[in-house]
Amino acid sequence: MSAVSTLIAPWRGLSPAVWILVLARAVNKIGAFTLPFLGVVLTVAFGASLSQTGVILAVFGAATIPSRLLGGQLADRLGRRRTIVLGLTGCAIAQLWIAFSHALWSAVLATILLGFAFEIYEPPSQAMIADVTNPEDRPAAYGLYSAALAAAGVLAGLLAAAISHWDLRWLFAADAITCLACAVLVALTLPTETREPKEPTSTVPVWRDRRLMLLLAGGTVFATIYMQLVIGVPLTLLEQGLPKSGTGIILAVSAVTLIAAQRLLRVQQLDDFRAIATGYVLVAIGLVVVALAHNLAIFLLAAVLWSLGELFLLTRYLTQASGLAPERARGRYLAVFGLSWGIATTIAPLTVTQLLKTAGPAGLWLTTAAVAAVLAVLQPWFRRRLAPA
């Protein structure tokens, strides 16, 4: 019992709404193992050429950017709970459409719909966490959110491996079921917003907030580093002649690290900027270790280091973004900040492949480590620029 108490201690006292959101998102993440198989399904099941598949997936990626912005708008106008339910239901419809399509044109339309619904969930869920927690509790709340997603991601990979030997379209049907289950859970358990807006949301100048734009720039650099790890580590293992299964082991170690290290988020002497600087230093050290690694054990050590860094960065960036926002525009602020991930998802494949081609794995990770170190050094400058006017 004492071990359980120690495990949940960092999250003791969080609002029940936070736990519901985290549970719903984790269940949804467990079911969200379809995306890596989308290109395979378009090619194998629907006869798309490789070039056609590339274009379709690019359109899907582009659709997720307005999807996040729409989620932010609806979160502030329609309410958090309704927007979450709408986004999850939209994803379920699109997934079922893909699963039951019999022609390429139908699957393409369903894929585009999936892109437009894919990110609607994120801004209202992140905004609701900020709504129901005190500022000092937000790092722990966002840490719980990130840890749950990491753990669910590992389970998603295992489920994908188990189901993928069947018709791959069943993956999309399974994902649709988890989306609908989460929508029902959220609709029945989350509170309905009852507060009246203090000011019309249209009057809040989100895009003219220079502090938000600066935070978006910093967050985009971090998100690009994160996505480079996601894309580049499997390729690096391949270059080093290590087994493909190593990627799954690294992901599992990363998830365990994120969960086990949650107590670090409560370190009182670290404000947001010191925590972010610490995170970038840890990520930079982990990347240097990756650059020097030649066996799986060293990669696992690197995973522990960069995961500790990501723990600080993921939670504190979200804390800063939610803290900048006026209460009634919090959904849109978090949506705009969340564009960093769409931008990073576009940039990272290009930087990883080009640096691997021109500089090799060591060049890729040492360059990325240098960028992380520069961001750590720049945090005092960010502190001055992001201070309230």
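This report covers the aromatic pairs, nonpolar cores and a nonpolar surface patch of a predicted model.

## Basis

Residues are numbered from 1 along each chain as its sequence is written, and side-chain values use heavy atoms, leaving out hydrogens and water. In this predicted model, local features need pLDDT of at least 70 and side-chain atom pairs count only at pLDDT 80 or more, while totals for chains, interfaces and linings use all residues.

## Aromatic pairs

The structure holds seven aromatic pairs (rings of Phe, Tyr and Trp, the last by its six-membered ring, with centres within 6.5 Å; planes under 30 degrees apart are stacked, over 60 edge-to-face, the rest tilted). One of them joins phenylalanine 222 and tyrosine 226 edge-to-face, at 6.2 Å centre to centre and 65° between the planes. Both residues lie in helix α10 (residues 210-239), four residues apart, about one turn of the helix. Helices here are DSSP runs (H or I, at least four residues), numbered from the N terminus.

Phenylalanine 222 is buried at 4% relative accessibility, whereas tyrosine 226 is partly exposed at 26% (buried is under 20% relative accessible area, exposed over 50%, partly exposed in between; 1.4 Å probe, protein chains only). Phenylalanine 222 also pairs with tyrosine 317: the ring centres are 5.9 Å apart and the planes at 25°, so this pair is stacked. Tyrosine 317 sits in helix α13 (residues 296-324) and phenylalanine 222 in helix α10, so the pair ties together parts 95 residues apart in sequence. Tyrosine 317 is buried, at 5% relative accessibility. Ring pairs link Phe222, Tyr226, Tyr317, Phe337 and Trp341 into a cluster.

## Nonpolar cores

The largest nonpolar core has 76 residues (buried Ala, Val, Leu, Ile, Met, Phe, Trp, Tyr and Cys joined through side-chain atoms within 4.5 Å). Leu190, Tyr280, Trp306, Tyr317 and Trp365 touch the most other members. Helix α14 (residues 330-377) gives the most to this core, with 13 residues. A second, separate core of 22 residues includes Phe60, Cys91, Ile98 and Ala117.

Leucine 190 is in contact (heavy atoms within 4.5 Å) with Ala17, Ile20, Leu21, Arg81, Ile84, Met128 and Leu185, leaving aside its neighbours within four places in sequence.

## Surface patch

Ile93, Trp97, Trp105, Leu109 and Leu113 make a nonpolar surface patch of about 510 Å². Its residues have over 30% relative accessible area and no salt bridge, and nonpolar side chains (Val, Leu, Ile, Met, Phe, Trp, Tyr) are joined within 5 Å. A salt bridge is a side-chain nitrogen of Lys or Arg within 4 Å of a carboxyl oxygen of Asp or Glu. Areas come from the Shrake-Rupley method with a 1.4 Å probe.

Helices α5 (80-99) and α6 (104-118) each supply at least two patch residues. α6 gives the most, with three. Tryptophan 97 lies in helix α5 and is partly exposed, at 33%.

Definitions and conventions:
Patch = residues over 30% accessible without salt bridge, like charges linked within 9 Å, V, L, I, M, F, W, Y side chains within 5 Å.
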